[in-house]
Amino acid sequence: MAAAGAVTTVAASYVPRTRDSFLHLLSKAVTLSHLTELHAQLLHNGFQSDIATTTKLTHRLFDFSAVHHARSLFFSFPEPDRFLCNVLVKGLASNESPRSAIAAFKRLRERKSIDLGPDNFTYAFVIPAAASVGDVKVGISLHGQVIVGGFCSDLFIGSALIDLYFKLGRDDMARKVFDEMPERDAVLCNTMVSGLGRSSRFEDSIGIFRRMVSGDEMQMSNVSPNPVTITSILSACAQLGALSLGQWVHGLIKSNKFDSNIYVSTALIDMYAKCGSIVEARRLFESIPNKNDVTWNAMISGYGLHGHGQEALKLFHEMVSSGTPLTRITFLSILHACSHSGLVKEGEQIFKSMKRDHGFEPISEHNACMVDILGRAGKLKEALDFIEGIPGDPGTPIWSTLLGACMVHKDTNVARMASEKLFESDPGNMGYYVLMSNIYSSDKNYPGAAFVRQVAKKRNLSKTPGCTLIEIHQKPHVFKAGDWSHPLSRAIYAELERLNGKMKEAGYQAETMTSLHDVEEEEKELMVNVHSEKLAIAFGLLSTEPGTEIRIFKNLRICLDCHTASKYISRVTQRVIVARDANRFHRFEDGVCSCGDYW
């Protein structure tokens, strides 16, 4: 307020007479009303046709989000130059008016009074606008104009085009733009690394990052990772479960002194938690002096992923006491932790306090968490009552959560109701058909299971292939069910056969209830014996020293048989097996899983 008063006083006591004095006061203005006053003085003193003052005023009006005023000023100017045009396009794009920015760009290209065409700055401003609205035609047209205009080597335009193509779902074109750039800088590489990460192409993202760090290529020789790159690559490590790579990145963080950056430190916590090192994640958390809400959320979420519900609750209450502002993500993280640990009462209390004490209206994700908390605990009637109390359409995430609970508790009636809602709202999702078929099979309703699979087949739906990753000596190895592509396949299958013998001696029986019902029981057993989790574990046993912990990462939910088998393998081999699936972590030790068979 003091600053605004000071400027107003100056304006009242001093009427600018020269262009330079106007430009000075325009740059110092701190309120929209002061800008309006200066505009009136500008008109009174005959500067309305001066390009420099009009450009500066237009720019400052956009700073105060006075979009209509800025547009009117621009289009009232008789002879705008290219710089003023760029100010208009940039201002519209950055004030959440990307469609207006594109429309203005098209109008400006058509105006014959502007004899200078768009320059590299114009395209650097309008391409992100096309990305924001997801306009494929405009995006491709702009790329063509860039090529014709000879701006292909401009780094800002290159970054904008890469981001555009990723947002349009054209990863191939994003990669083509990147590969054809004669030079690369950190911004361009960051855009590529983060874009590949958003597209779940984590291995490609890591590949670009390694090239940045090595600097072997001439195009990459002057490129060094910065905190933005580091944060993106840690996210890729977290999603892949690539702990050794994450540890290597941690070393780079220390050597580049990025560890004081709160976003880098938070990404490290998330990476260690998602790669199974929850103790290291907590150590890092404690070392951060000024934690923000994202840091607290990452640690609470990590505890939830590992099934450490009580630790998550304790941390949540510490966060409340610390005065750190809670967010919707905070409540989502703690409710997930409650659902993975069977903390029904605690989850219900937190859900109620979210609105009552903290003023947050629950959104679909929070409601789905409550259904998960009740459903996992077998309280399916309470879960249904909760769903009926949700205003409006509960939505797909909530019904799919209920269907998952029905699988755990073998409730065919509720499952049928949930699946009907899902088949109607999201008919193209194969996962729901597989889940419903498995529920029927568990209930020995084989005609029902066959019917569901037949419907999926008629709709040409295909199941996401399950795969399991294991890192050995910093090298990732990926297995699929029945996979013979690995160079050590013969030894792996021999080890699996040896393990099966020992497991059966210890009392193991294959869980075949959800396997295809039209094959013999012996064949079902053979099918579950070659699941990707078991192949990865067998390879891990062959490739590591006795007593070494084995870590595997499954892209889908671990199946009942592999979960049972992993418990037996941990007992007969005296090895700790840590498995992360799509839901959570499982730590198998001496025949017991940390999830308490609650996943």
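User: Why is K274 called partly exposed?

Analyst: The relative accessibility of K274 is 23%. Buried means under 20% relative accessible area, exposed means over 50%, and partly exposed lies in between (1.4 Å probe, protein chains only). K274 therefore counts as partly exposed. D270 has a relative accessible area of 21% and is partly exposed as well. This is a predicted model, in which local features need pLDDT of at least 70 and side-chain atom pairs count only at pLDDT 80 or more, while totals for chains, interfaces and linings use all residues. Residues are numbered from 1 along each chain as its sequence is written, and side-chain values use heavy atoms, with hydrogens and water left out.

User: What makes the contact of D270 and K274 a salt bridge?

Analyst: A salt bridge is a side-chain nitrogen of Lys or Arg within 4 Å of a carboxyl oxygen of Asp or Glu. For D270 and K274 the N to O distance is 3.4 Å, and the pair meets in a salt bridge. Both residues lie in helix α16 (residues 262–274), four residues apart, about one turn of the helix. Helices are DSSP runs of H or I with at least four residues, numbered from the N terminus.

User: How many salt bridges does a search of the whole structure find?

Analyst: The search finds 22 salt bridges. One of them joins E361 and K355, with 3.1 Å from N to O. E361 has 43% relative accessibility and counts as partly exposed; K355, at 47%, is also partly exposed.

User: Why is D561 called buried, and what is its salt-bridge partner?

Analyst: D561 counts as buried because its relative accessibility is 1%. Its side chain meets that of K534 in a salt bridge of 2.5 Å, N to O. D561 lies in helix α31 (residues 560–573) and K534 in helix α30 (residues 532–543), so the pair ties together parts that are 27 residues apart in sequence. K534, with a relative accessible area of 3%, is buried too. Elsewhere, salt bridges that share partners join E549, R551, R587 and E589 into one network.

User: Which residues does the annotation "repeat: PPR" cover?

Analyst: According to the unreviewed UniProt entry, the annotation covers residues 185–215, 292–326 and 327–362. Residues 292–326 are 77% helix and 0% strand, with end C-alpha atoms 10 Å apart. Residues 327–362 are 75% helix and 0% strand, and their end C-alpha atoms lie 11 Å apart.

Technical notes:
Helix = DSSP H or I, 4+ residues; strand = E, 2+ residues; numbered from the N terminus. UniProt positions renumbered as here; feature names shortened; annotations may be inferred.
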